[in-house]
Amino acid sequence: MARLPWVGLACDSAYRKFNVVLAGYHRMFGHRPDGSFICLVFDSELNKWRKFVSFQDDHFTHMNKNQVVFVNNALHWLTASSTYILVLDLSCEVWRKMQLPYDLICGTGNRIYLLDFDGCLSVIKISEAWMNIWVLKDYWKDEWCMVDKVSLRCIRGMMPGIFPISQTGECVFLATHKQILVYHRKTQVWKEMYSVKYSSTLPLWFSAHAYRSTMFSCN
């Protein structure tokens, strides 16, 4: 079975431009398979695509397509095994590996997610009873800091189908099978923001997305 390409969206509101990244092996893009890993990058400023090729590496086969975050002019993919992060620096078009927090334990039953935290890269681990949140404090030294540890006991009946979709310094937003919840960090209070009324509706994890602001200012 042919693998689908990985997709990333990088929006730079300061310069009013965006990039779309398609990444995958040679055969995905209609060429003879040779093991090369290709990235196609669309630049909205130039209105055209560019291509660059990376050498084959086993870690490209373990990327999680659904776990990508754009911060610091780079796209970050969590690997499917949740053992490290793959980073594509769009300024120099170079791939590198980034380590996860050293005290993060990827054990059975633990689920790991990447999110933006007010412009910083964040890792969230959800276990049976806790949600632990780390933020990358020093981007170039891969220095992580745990900023929150949230008890999930009061929503335990919703596990394990809960996952985070967005966060700020004040709130964390999570989706369940039929609900959108918000956790207020300061008051440690959970609230329901939205609930699906019809049982025939697809689970929210198929369609829940975070919307924070417009892509660009209208000025």
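## Two nonpolar cores

A nonpolar core is a set of buried Ala, Val, Leu, Ile, Met, Phe, Trp, Tyr and Cys residues joined through side-chain atoms within 4.5 Å. Here, buried means under 20% relative accessible area, exposed means over 50%, and partly exposed lies in between (1.4 Å probe, protein chains only). This is a predicted model, in which local features need pLDDT of at least 70 and side-chain atom pairs count only at pLDDT 80 or more, while totals for chains, interfaces and linings use all residues. Residues are numbered from 1 along each chain as its sequence is written, and side-chain values use heavy atoms, with hydrogens and water left out.

Which residues touch the most other members of the largest nonpolar core? They are Ile126, Met131, Leu174 and Trp190, in a core of 19 residues. At least two residues of this core come from each of strand 9 (111-117), strand 10 (120-126), strand 11 (130-138), strand 13 (163-167), strand 14 (171-175) and strand 15. Strands (E, at least two residues) are DSSP runs, numbered from the N terminus. As background, nonpolar side chains in soluble globular proteins tend to be buried together.

Take a look at Trp190 next. Leaving aside residues up to four places away in sequence, its contacts (heavy atoms within 4.5 Å) include Met131, Leu174 and Tyr183. Val150, Ser151, Leu152, Cys154 and Ile155 are also among the residues that Trp190 touches.

Strands of a sheet pair through backbone hydrogen bonds, either parallel or antiparallel. In this model, four strands make an open sheet, in the order 1-2-3-4, with antiparallel pairing. Strand 1 (6-12) and strand 4 (48-54) are at the edges and have a single partner strand each, so one side of each has no neighbour in the sheet. From one strand to the next, the twist averages 20 degrees; axes are lines fitted to C-alpha atoms, and angles run from 0 to 180 degrees between N-to-C directions.

Two strands count as paired if DSSP finds at least two bridges between them. Strand 1 and strand 2 (residues 17-25) are joined by seven bridges in the antiparallel sense. Within strand 2, Ala23 is the bridge partner of Trp6.

Strand 15 (residues 179-184) pairs with strand 16 (residues 189-195) through six antiparallel bridges. His184 has Val189 of strand 16 as its bridge partner. This hairpin has four residues between its strands, and Gln188 takes a positive phi near 60 degrees there.

Where does Glu93 lie? Its place is the loop between strand 7 (84-89) and strand 8 (94-99). Glu93 is not a glycine, yet it has a positive phi of about 55 degrees, and it is partly exposed at 25% relative accessibility. Asp142 sits in the loop between strand 11 and strand 12 (143-151). Phi of Asp142 is also positive, near 55 degrees, and Asp142 is partly exposed at 22% relative accessibility.

## Trp77 and the cysteines

Is Trp77 buried or exposed? This residue of strand 6 (residues 74-79) counts as buried, at 0% relative accessibility. The C-alpha atoms of Trp77 and Tyr113 are 10.0 Å apart, with the two residues separated by 36 residues along the chain.

Counting a disulfide as a pair of cysteine sulfur atoms within 2.5 Å, the model has zero disulfides. Cys120 is partly exposed, with a relative accessible area of 32%, and Cys145 is partly exposed at 32% relative accessibility.
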